[in-house]
Protein chains: 2
Amino acid sequence: MRVNDEEFAASLKIRRGGEEPLSAQLYRQVRAAVMFGEMPSGSLLPSTRSLARLLNVSRAVVVQTYELLAADGVLQLQAKARPRVLAPAVFEGAARKEVGEAEFALSERGRRVSQQHRYMAADGARRLLSPGRPDIDSFPRAQWGRALRRAAAQLSARDSSYQTTAAVPRLQRVLQGHLLQARGVQAKSEQVIVVPGVQAALYLCALIFGDEVGAALIEEPGYLGARAAFASCGLQMSAAAPGALAQKVMDMQREGQAPQLIYTSPSHQFPLGRRMPVRERLALIEAARTCGAMLLEDDYDSEFLFDGRPLVAMQGLSPENGVVYIGTASKSLLPAVRLAYVVVPEPFTAAFASAQRNVGALVNAHVQLAFAELIESGELRAHLRRISRDYAVKALRLYELVHEKLSGAVQAERPSGGLQMALKFVHRFAGVDDVVVARALNEKGFAVNPLSAYCLGTAQRGLVVGTADAEESICAEFCDVLLAAITSAAEKKQSESVG
Amino acid sequence: MRVNDEEFAASLKIRRGGEEPLSAQLYRQVRAAVMFGEMPSGSLLPSTRSLARLLNVSRAVVVQTYELLAADGVLQLQAKARPRVLAPAVFEGAARKEVGEAEFALSERGRRVSQQHRYMAADGARRLLSPGRPDIDSFPRAQWGRALRRAAAQLSARDSSYQTTAAVPRLQRVLQGHLLQARGVQAKSEQVIVVPGVQAALYLCALIFGDEVGAALIEEPGYLGARAAFASCGLQMSAAAPGALAQKVMDMQREGQAPQLIYTSPSHQFPLGRRMPVRERLALIEAARTCGAMLLEDDYDSEFLFDGRPLVAMQGLSPENGVVYIGTASKSLLPAVRLAYVVVPEPFTAAFASAQRNVGALVNAHVQLAFAELIESGELRAHLRRISRDYAVKALRLYELVHEKLSGAVQAERPSGGLQMALKFVHRFAGVDDVVVARALNEKGFAVNPLSAYCLGTAQRGLVVGTADAEESICAEFCDVLLAAITSAAEKKQSESVG
């Protein structure tokens, strides 16, 4: 069946003088007409001569188009005859079929791995006091931009090859020196592996040290990312108060449920802010050693201790390859930088790097070089000094205001560092649902989280609030809104229990 | 037991005028002495006054150090008495124990996930003709550096929050428009998710669409990254020739082994370079649909087709949410950029993004913004035009030289695009071990891979060679070395079989 030459030509919209060459426009449109049009298999298209004349293009353009479509299997060319449409029956059926999604589904593992483990504060215009979020206004844009630009100019063939996956060697060397000096981390530079965030580090550890049937131990309340990583890998989770981890390891072992992995944030426990004393660290290392459990030491914000220096990293205390040290640029710079570093025990470095490559959790080389430059030039240290001072002022301001205005409702520890603070409901409000209170605050623009969301077992009630943007007016508003929210939630609860 | 004050003071190396404050130096060193020294629990350190005098520092410095160590649980301070070392027994034991690694091991899954699936060419000074590797000298350093710098200046709070994980919205919009126009990809911008490479895309798909007991289908010979991703996720693999995928899906289904995932590179099959005809694409889409298998369309280098335009993406042909489209900047820019993009079928976009976040395979926001700028400004298009011309010249040069000088040993298809070419051993050399030949070439600085390494079943023998650096002198040297290597391998084989 011949198509009508004039109608067919008129259906093609050829634009002259644009970016796209005529032959490309023709190819694209004829292909679409054949595939998505109403043209049945066997239809005969205009001859090259006829179409060229009707479109006022050279015949070579039409010949080239038809040849490409023939190579695609869409047209059949015949000497001295019109080209024949070959759209196969299967396609005609597919194009007309209704869209349905019954046949495609997540796998069983897919449902587990894509579970949302985090509390999501409503995504409003203001996201004030968001826990753990640094202040974007203090990000060293100029220095970072310069360092990135220099990295673009300097990137070598070696740093850019498919072979350079675990990290750019220069950054490995710089971080090795930095971590030894600042944190007492004992490692060769090859043990330093760069990943796109703490989450990737935790996931990869769970993947290579954990099994589907294994157990893991986390802190209660504790970092949700660890929970998400372990749960994604199918591990069964137990939790213990930050001070009771070693005892819990012993208990689990006695019950035949020894953990394969233990997550801890000893420098500045998330979200409570506790600093783990040395004797507890040593007991935990020893307990983990007795059952071969790998300790994951999340040192996410030790740069921000307001007083004194952080303790030496647990990695430096363990003589037996039993600690994975994890640090990050998410707090010192920004989460969007997506750069964290893992110091993997030497016997497992190659396995970690190989798993990382198979998973594909790798970091842009320019970003790695820029970060190395910021450390080497001292700009990162200067930046940290500036923001530590600034963050201390803000955190203490919020703490003092809460202490002064809200001591009848919540209690807080004096912050010793970091970018968040936990406010526990006092006894009188212990029964109030902290999710209700958090939602009320979310609605007013405060991206705070309920403390219970960080708990696996017995929920502790309270709020976790960020401090990096704790300006005076924000703190004052926050206190007012919180007091109203908690009072209202308590009254509602009481009227319900009376009614 | 009192330590000797003079000896103790002499063991501390205090540097004046350096970067590190005196109190920090003292804290670090006393801590180390207590923890790693031979000092038993209960030892009595010098008084603050005595140590200050011996070190010639202010007493306040020593007081501060001792107080920090007391807070750490390392020292016990007593009024009018020397501080007492509290190193707990568990630590004394640990410090003296020999380093052993018997207790710590990879998990069963860890051994699987960290398997090395790729052939590794020896890592010499020259890495010539490495398959799939772009030419670093053509990387647009200046434009990329400027774009990164602008991104550093412009990054907004929204783009930098912990909530912005799947991708920076601007890049999602730009890619959506670009992929629609250039590749016929049909999607909303929210379906575009940015990952640190094709590998991450494949891994995440295997994770959410595959199960530990599931099956997957790959091309033979085919891309090793797909094999690594599927194997890491525990999937059982089958393989079929690129032209026989649809039939294989039907066969597997009939045998009750229907695949959950199918990997294909239809625009330019890796490593053979084949372009899948439209009717085959439609048949594959239909076959996959009948068993609910997700098709992963790896469109890694469609920007480099030397003649004509690439076919519309399979994603655009499938009306039923059954295709995941994957593109990358690894070929158009550099692998070290670590940016790829996935168009996920709408019903699974949220699950994919959530799994991505739990795994932590996220991409730096500055890199995302810079890539968006390169597309929007037209700089990427201009760059692609330049390098396509250049790559075509080089690939055809290598092809012609191989054809002319080596037709008695290997055969190749005329390259139609991309950055690599397969050279199959001719019948006479079909029995020669291509790994031996590849190793011989690797030793001479050619990072080529054996074709058999890309095969799961019946190995095809040959070499996969890169073409992006195929300068005239390199091509000539390569032909000589290859001829010598294959002849020598064949002779060795013959003398063995005679002997």
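Author: Axes here are lines fitted to C-alpha atoms, for helices over the stretch in contact, and angles run from 0 to 180 degrees between N-to-C directions. The model discussed is a predicted one.

Reader: At roughly what angle do the axes of helix 9 and helix 10 of chain B cross?

Author: In chain B, helix 9 covers residues 198–209 and helix 10 covers residues 224–232. Helix 9 of chain B passes helix 10 of chain B in a right-handed crossing. The axes of these two helices come within 8 Å, and they cross at roughly 35°.

Reader: How many charged residues does the contact of helix 9 of chain B with helix 10 of chain B have?

Author: From helix 9 of chain B come B:Q199, B:L202, B:Y203 and B:A206, which meet B:G225, B:A226, B:A228, B:A229, B:F230 and B:S232 in helix 10 of chain B. Sorted by class, this contact has 7 nonpolar and 3 polar residues, while the number of charged residues is none.

Reader: How many of the residues of helix 10 of chain A are buried?

Author: Buried means under 20% relative accessible area. Helix 10 of chain A is largely enclosed by the rest of the structure, because the count of its buried residues is 9 of the 9.

Reader: Is helix 17 of chain A parallel or oblique to helix 18 of chain A?

Author: The axes of helix 17 (residues 434–443) and helix 18 (residues 472–498) of chain A come within 9 Å and cross at roughly 140°. Angles over 145 degrees would count as roughly antiparallel, and therefore helix 17 of chain A stands to helix 18 of chain A as oblique.

Reader: How many nonpolar residues are in the contact of helix 17 of chain A with helix 18 of chain A?

Author: Helix 17 of chain A contributes A:V436, A:V437, A:A440 and A:L441, and helix 18 of chain A contributes residues including A:F478, A:V481 and A:A489. The contact holds no polar and no charged residues, and its nonpolar residues number 10.

Reader: Is the crossing of helix 8 of chain A and helix 15 of chain A left-handed or right-handed?

Author: Helix 8 (residues 169–183) and helix 15 (residues 365–376) of chain A pack with their axes 9 Å apart, at an angle of about 35°. Among the residues making the contact are A:L171 and A:L175 of helix 8 of chain A, together with A:F371 and A:I375 of helix 15 of chain A. The crossing of helix 8 of chain A and helix 15 of chain A is left-handed.

Reader: How many residues has the largest nonpolar core?

Author: A:F371 is in contact with residues including A:W144, A:L171, A:L175 and A:L339, leaving aside its neighbours within four places in sequence. A:F371, A:W144 and A:L339 are among those with the most contacts inside the largest nonpolar core, whose residues number 94.

Reader: Is A:S332 buried or exposed?

Author: A:S332 has its place in the loop between strand 8 (323–328) and strand 9 (340–343) of chain A. Not counting residues up to four places away in sequence, A:S332 touches A:E303, A:F304, A:L380, A:H383, A:L384 and A:I387. Its relative accessible area is 2%, and therefore A:S332 is buried.

Reader: Which residues does A:Q115 touch, not counting residues up to four places away in sequence?

Author: A:Q115 lies in the loop between helix 6 (108–113) and helix 7 (141–154) of chain A. At 42% relative accessibility, A:Q115 counts as partly exposed. Not counting residues up to four places away in sequence, A:Q115 touches B:S354 and B:N358.

Definitions and conventions. Residues numbered from 1 in each chain as written. Chains lettered and ligands numbered in written order. Predicted model: local features only at pLDDT ≥ 70, side-chain atom pairs only at ≥ 80, totals over all residues. Heavy atoms only, no water. Core = buried A, V, L, I, M, F, W, Y, C linked by side-chain atoms within 4.5 Å. Buried < 20%, exposed > 50% of the residue type's maximum accessible area, 1.4 Å probe, protein only. Contact = heavy atoms within 4.5 Å. Helix = DSSP H or I, 4+ residues; strand = E, 2+ residues; numbered from the N terminus. Left-handed = near helix turned anticlockwise from the far one by under 90°. Parallel < 35°, antiparallel > 145°, perpendicular 65-115°, else oblique. Nonpolar A, V, L, I, M, F, W, Y, C, P; charged D, E, K, R; others polar.
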